Amino acid sequence: MTAGEAGPRGADVRSDVWIRVEPRDSGGIETHVRSKVELLYGDHLRRQVADGLAALDVTHARVDVEDQGALPLVIAARLEAAVHAAGLGTGRHVLPDPRNAGPSARDRFRRSRLYLPGTNPKFMMNAGLYGADGVILDLEDSVAPREKPAARPLVRNALRFLDWGGAERMVRINQLPLGLEDLPYVVGHGAQMILIPKTESQEQVVAVAEACARLDVSESPPWLMPILESAKGIFAAERIARAHPTVVALTLGLEDLTADLGAKRTDEGRESQWARSVVVAAARAAGITPIDTVHSDFENLDSLRTAVAEARDFGFEGKGCIHPRQVRVVNEGFTPAGEDLARAKRIVLAWDEAEAAGRGVVSLGSKMIDAPVVKRARRAVELAVAGGTLPADWKEREHAGHA
């Protein structure tokens with residue numbers, strides 16, 4: 001029998017716990033606990049470990065715990081991972097009661113999505129306060145291969161228990177086929193969107209969609225966002241965008257893409273202009289949202305503002321964030337204002353006036369306005385209202401101003 005362990009240990013660890021489970025043939029449960037919050041929560045921690053071991057059907061083992069102020073959801077996840085690593089409790093889980101339920105809207109705003117490593121709970125605790133439209137718990141690049149089994153129950157428990165505010169709860173799974181093993185830990189536990197990395201074919205998207213449908217028997221399985229990170233993926237962009245009805249957004253990852261192309265990253269982004277245009281065109285043709293890649297220089301907010309403006313001009317409606325300080329800049333950059341917002345308002349008002357008068361043709365100045373233009377204008381106005389740059393009763397104010 002082999003001992004199993006999960007979680008980090010050391011003086012610099014915060015909000016986490018290290019647990020080691022050594023199976024035995026007899027002797028019952030022997031528990032050794034060291035906790036930085038022993039006086040306040042030591043007894044509760046021991047009860048949780050005992051109850052968790054019973055739920056996982058572990059009857060004989062030595063259990064060592066080094067706690068650095070972990071929340072119960074983290075303790076439960078680390079205990080489960082350690083027990084499974086020791087070859088015990090197969091197929092059993094310790095689940096917190098769910099606090100989050102329900103799907104997100106298909107057409108909701110996805111200006112900013114904040115990546116968080118799926119193995120570090122201290123970054124998850126207050127993520128709902130950052131104001132991101134979506135929070136991504138990452139099981140792929142930010143998690144070392146040996147840490148992935150322990151990250152899965154941690155992400156699952158965080159999805160079930162933590163308060164994410166108004167953020168859409170997203171999970172980036174691993175590259176297929178490994179990513180299919182991630183899905184049982186997140187689908188049906190609060191994940192509202194699944195990001196599929198390194199997508200290269202519609203078959204990969206369908207495989208994820210069908211797995212999600214089997215795991216979530218409700219009528220609202222999670223939405224999907226494929227990430228294109230290779231030349232093969234870019235050339236299959238439209239097929240991927242149309243692969244399944246649950247695909248609602250399409251994005252790209254430039255670090256892996258430029259490496260695959262053998263191109264050099266430039267400040268101007270010359271090497272990625274064609275690929276980014278393809279992603280926008282494929283998304284628009286499929287009726288879904290194009291989302292831009294992350295901006296890796298999180299300390300330079302001026303360069304981020306420039307990147308957001310360029311992405312908006314390309315036709316993207318959102319961008320990834322790798323640091324909380326980027327969220328506000330991205331949200332502001334993708335919230336219509338100034339002349340863009342003024343034009344959107346004029347279009348919406350002109351269309352409403354034409355409809356009220358029963359006219360089938362609408363013009364603004366010397367230009368004709370068609371339905372797709374109005375749809376974009378309405379979305380811009382809705383974004384502005386959601387972003388606080390336009391009052392919800394703006395139409396009434398406009399009419400009052402012209403009365």
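Mentor: Glu168 counts as buried because its relative accessibility is 0%, where buried means under 20% relative accessible area with a 1.4 Å probe and protein chains only. The model is predicted, with local features requiring pLDDT of at least 70 and side-chain atom pairs pLDDT 80 or more, while totals for chains, interfaces and linings use all residues. Residues are numbered from 1 along each chain as its sequence is written, and side-chain values use heavy atoms, without hydrogens or water.

Glu168 belongs to strand S7, residues 168-172; strands (E, at least two residues) and helices (H or I, at least four) are DSSP runs numbered from the N terminus. Its side chain forms a polar contact of 2.5 Å with the side chain of Ser104, that is, a donor and an acceptor, each N or O, within 3.5 Å. Leaving aside residues up to four places away in sequence, Glu168 also touches Arg108, Arg110, Asp133, Gly134, Val135, Gln192, Met193 and Trp223, contact being heavy atoms within 4.5 Å.

The largest pocket holds about 760 Å³ of space, and Arg265, Thr293, Val294, His295 and Ser296 are the closest to its centre among its 35 lining residues. Strand S5 (112-117), helix H8 (254-261), strand S11 (289-294) and helix H10 (301-314) each give two or more residues to that lining. A pocket is an open set of points on a 1 Å grid with protein on both sides within 12 Å along at least five of seven lines, and lining residues have an atom within 4 Å of a point. By class, the lining of the largest pocket has nine nonpolar, ten polar and 16 charged residues.

The second largest pocket holds about 590 Å³. Of its 22 lining residues, Arg312, Pro336, Asp340, Arg376 and Ala380 are the closest to the centre. H10 contributes two or more residues here, as do helices H11 (325-333), H12 (338-357) and H13 (371-387). H13 gives the most, with six residues. This lining comprises ten nonpolar, three polar and nine charged residues.

Within H12, Leu341, Ala344, Lys345, Ile347, Val348, Leu349, Ala350, Trp351 and Ala354 are buried. An α-helix has 3.6 residues a turn, so residues three or four places apart point the same way. Just after H12, Gly358 adopts a positive phi of about 80 degrees.

Key. On a 1 Å grid over the protein atoms alone, a cavity is a set of points where a 1.4 Å probe fits but cannot get out, and a pocket is an open set with protein on both sides within 12 Å along at least five of seven lines; lining residues have an atom within 4 Å of a point. Grid points are joined across faces, edges and corners, and a volume is the space filled by probe spheres set on the points. Ala, Val, Leu, Ile, Met, Phe, Trp, Tyr, Cys and Pro count as nonpolar, Asp, Glu, Lys and Arg as charged, and the others, Gly among them, as polar. Buried means under 20% relative accessible area, exposed over 50%, partly exposed in between (1.4 Å probe, protein chains only).
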